[in-house]
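Subject: Structure handover

Dear colleague,

I am passing on the structure we discussed, with my notes below it. Please look it over before reading on.

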Amino acid sequence: MATIFSKIIAREIPAEILFEDEVCLAFRDINPQAPIHFLVIPKKEIVSLAELSGEDEQIVGRCLMVASLVAAEQGLTGGYRLVANAGQDGGQEVPHLHFHVLGGRQMSWPPG
């Protein structure tokens, strides 16, 4: 099934890309919830954290490293929030693993 993220990877939908390599892609969220809000997605179609296999370990690790790298490039030196929603009850809207990186303001807790 083609998701909005697979269409962004294929360049069928435009996105403001911040980083790309052979494993993952980082781009600005189209509905930002913080002054800086971007997503990091694996290029491999993985539905969610709940559906990881052993072969996905390096992919997920790379996505987390890219989240940290891009956060630093975006000037998030005071901190940021990293969110991965899993499944409908977890608030996941797109069935493709993705990590939200939010920063540029004080985050509150609990998040909702």
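In what order do the elements of the chain run from the N terminus on? The order is α-β-β-β-α-β-β, that is, two helices and five strands. The radius of gyration is 13 Å, close to the 13 Å that the globule rule gives for 112 residues, so the chain is as compact as a globular protein of that length. Please keep in mind that this is a predicted model.

Overall figures

Taken along the principal axes, the box filled by the C-alpha atoms is roughly 35 × 30 × 25 Å. Of the 112 residues in the chain, 38% are buried. The chain exposes about 6,600 Å², and 52% of that area is supplied by carbon and sulfur atoms. For contacts between residues at least 6 apart in sequence, 55% join residues at least 24 apart.

The loop between β1 and β2

I looked at two residues here, Asp21 and Val23. Strand β1 covers 17-20 and β2 covers 24-28, with Val23 in the loop between them. Asp21 is found in that loop too.

Is Asp21 buried or exposed? Asp21 has a relative accessibility of 13%, and therefore counts as buried, the cut-off for buried being under 20%. Val23, at 22%, counts as partly exposed.

The side chain of Asp21 has two polar partners to report. One is the backbone nitrogen of Val23, which lies 2.8 Å from a polar atom of the Asp21 side chain. The other is the side chain of Arg62, with which the Asp21 side chain makes a polar contact, also listed at 2.8 Å.

Which residues does Asp21 touch, not counting those up to four places away in sequence? They are Lys43, Arg62 and Val66. With its neighbours within four places left aside, Val23 is in contact with Ile41, Pro42, Lys43, Ile59 and Arg62.

Ser6 lies in helix α1. Its relative accessibility is 13%, so Ser6 counts as buried. Beyond its neighbours within four places in sequence, Ser6 is in contact with Glu45 and His96.

Helix α1 spans 4-9, and Arg11 lies in the loop between this helix and β1. Arg11 is not a glycine, yet it has a positive phi of about 65°. With a relative accessible area of 45%, Arg11 is partly exposed.

Glu16 is placed in the loop between α1 and β1 as well. It counts as partly exposed, at 47% relative accessibility. Which residues does Glu16 touch, leaving out those up to four places away in sequence? The list is Ala26, Phe27 and Arg28. With Arg28 there is also a polar contact between side chains, at 3.0 Å. Glu16 and Gly104 are 88 residues apart along the chain, and 18 Å separates their C-alpha atoms.

Asn85 has its place in the loop between β4, which covers 80-83, and β5. At 22% relative accessibility, Asn85 counts as partly exposed. Its contacts, leaving aside neighbours within four places in sequence, are Gly90, Gly91, Gln92 and His100. Asn85 and His37 are 48 residues apart in sequence, with a C-alpha to C-alpha separation of 15 Å.

Strand β5 covers 99-103, and Pro110 is found in the segment after it. What kind of peptide bond joins Trp109 and Pro110? The bond is cis, with omega at about 0°.

Two backbone features may be worth a look in the viewer: the positive phi of Arg11 and the cis bond between Trp109 and Pro110. Among the side-chain contacts, the ones to open are Asp21 with Arg62 and Glu16 with Arg28.

Regards

Conventions:
Residues are numbered from 1 along each chain as its sequence is written. This is a predicted model: local features need pLDDT of at least 70, side-chain atom pairs count only at pLDDT 80 or more; totals for chains, interfaces and linings use all residues. Side-chain values use heavy atoms; hydrogens and water are left out. Helices (H or I, at least four residues) and strands (E, at least two) are DSSP runs, numbered from the N terminus. Buried means under 20% relative accessible area, exposed over 50%, partly exposed in between (1.4 Å probe, protein chains only). Contact means heavy atoms within 4.5 Å. The radius of gyration is taken over C-alpha atoms; the globule rule is 2.2 Å times the number of residues to the power 0.38. Accessible areas come from the Shrake-Rupley method with a 1.4 Å probe; for residues, only the protein chains shown count as cover. A polar contact is a pair of N or O atoms within 3.5 Å; within protein, one must be able to donate a hydrogen and the other to accept it, and residues adjacent in sequence count only if both atoms are side-chain atoms.
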